[in-house]
Amino acid sequence: MLVSLYRYNPEVDAKPSMQDYELDLPAGKDLMVLDVLELLKRKDPSISYRRSCREGVCGSDGMNINGTNGLACITPVSSVAKNGKLILRPLPGLPVVRDLVVDMTVFYTQFEKIEPYLINDKPVPAIERLQSPEEREKLDGLYECILCACCSTNCPSFWWNPDKFVGPAGLLQAYRFLADSRDTATDARLAELEDPFSVFRCRGIMNCVAVCPKGLNPTRAIGHIRSMLLQRAS
Amino acid sequence: MVTNVTSFGRSGLYDWVMQRITAVVLGVYFIALFTYLLLNPDLDYQQWHALFSTTWVRIASLAALLSICAHAWVGLWTISTDYLTTYLLGPKATVLRLLFQAGSVVLMFIYLVWGIQILWGM
């Protein structure tokens, strides 16, 4: 198999380049893209990428695989390689630290901005804050996000305004707390999102939905936020 | 909250609602106009002139004209803040963006006044 890998070490290289590797894959097995990277790293230890759990839970190995963002550890080579060629690039739109490792600072800054934690100004109950099964159900499809950044770095609005547009990942979490029956800061949260950039840069092209490795739907969450903003203001 | 003084209503929600309302106005107006053209294949100048002499058509046309201006402003403002940014082009982008926005506004204002003149001057 031919693997074309994005190589860039800002300390040494003037500009990024693609390096080709010829790799013999074990027969009769459909490896994951991460397995291919591990084999490559044995051949060339200078290759850099992030990985941890290798089972789609930690969200470390988000990368651009043959033009589509995804998690290397849960993407079978057979599903992405075209004409026996695998092309691996870092997540688009973020500064490259080295090879496939990107600087996710802007991504985390946006996540921080939406205050991704429960805010409740009522006295703390003796045991816990209860929710009905129906209230809890509203958080399904929201809390599962692992912050791999595949969605936000696949979003043109996030590419052009990563400092102003919260991005699909951040907005999915924003809605996760707006929808939480135990959260009492709904109004303050909405007030922070009403400007022309934070939410409304979303043009609904659903690139986020197309690539989410967890099958989540940030566009729908953004739609819910818009409805809540509209209800609040009218 | 990200603030910006040049957007249409200085609120993302307001701009978004305006863009949708104006889209409905434009949709209804042009569908009605195209239907009229389809139903009148042998349309001549007198008939067209008579159509635009009725007050209702003039009101609807003015609503469509105003809607185009508001709709285009939100759209062009969005384009300018997507592509003409310091993030992409460096410090010179601010001047470039403001020039583009000013140009858009002037052009839209000219079209608006000109449109009203045509509509009500006939």
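Biologist: Which residues in α6(A) meet which residues in α9(A)?

Modeller: Good place to start, and remember that this is a predicted model. From α6(A), the residues are Pro168(A), Ala169(A), Leu171(A), Leu172(A), Ala174(A), Tyr175(A) and Leu178(A). Their partners in α9(A) are Pro218(A), Ala221(A), Ile222(A), His224(A), Ile225(A) and Met228(A). Sorted by class, this contact has 12 nonpolar residues, one polar and no charged ones.

Biologist: How do I read the way α6(A) and α9(A) are set to each other, and at what angle do they cross?

Modeller: Look at the axes. Helix α6 (residues 167-178) of chain A and α9(A) have axes that come within 9 Å and cross at roughly 55°. The crossing in which α6(A) passes α9(A) is left-handed.

Biologist: And how does α6(A) pack with α7(A)?

Modeller: Helix α7 (residues 186-193) of chain A packs with α6(A) at an angle of about 155°, and the axes are 10 Å apart. Angles over 145 degrees count as roughly antiparallel, so α6(A) is roughly antiparallel to α7(A). This crossing is left-handed. Ala174(A), Phe177(A) and Leu178(A) of α6(A) make the contact with Thr186(A), Arg189(A) and Leu193(A) of α7(A). Its classes are four nonpolar, one polar and one charged.

Biologist: Turning to the two chains, how many residues does the contact take from each?

Modeller: Chain A gives 16 residues and chain B gives 16 residues. On the side of chain A that touches chain B, helix α9 (residues 218-233) gives the most, with four residues. That side has eight nonpolar, two polar and six charged residues.

Technical notes
Residues numbered from 1 in each chain as written. Chains lettered and ligands numbered in written order. Predicted model: local features only at pLDDT ≥ 70, side-chain atom pairs only at ≥ 80, totals over all residues. Contact = placed C-beta atoms within 7 Å. Helix = DSSP H or I, 4+ residues; strand = E, 2+ residues; numbered from the N terminus. Nonpolar A, V, L, I, M, F, W, Y, C, P; charged D, E, K, R; others polar. Axes fitted to C-alpha atoms, helices over the stretch in contact; angles between N-to-C directions. Left-handed = near helix turned anticlockwise from the far one by under 90°. Parallel < 35°, antiparallel > 145°, perpendicular 65-115°, else oblique.
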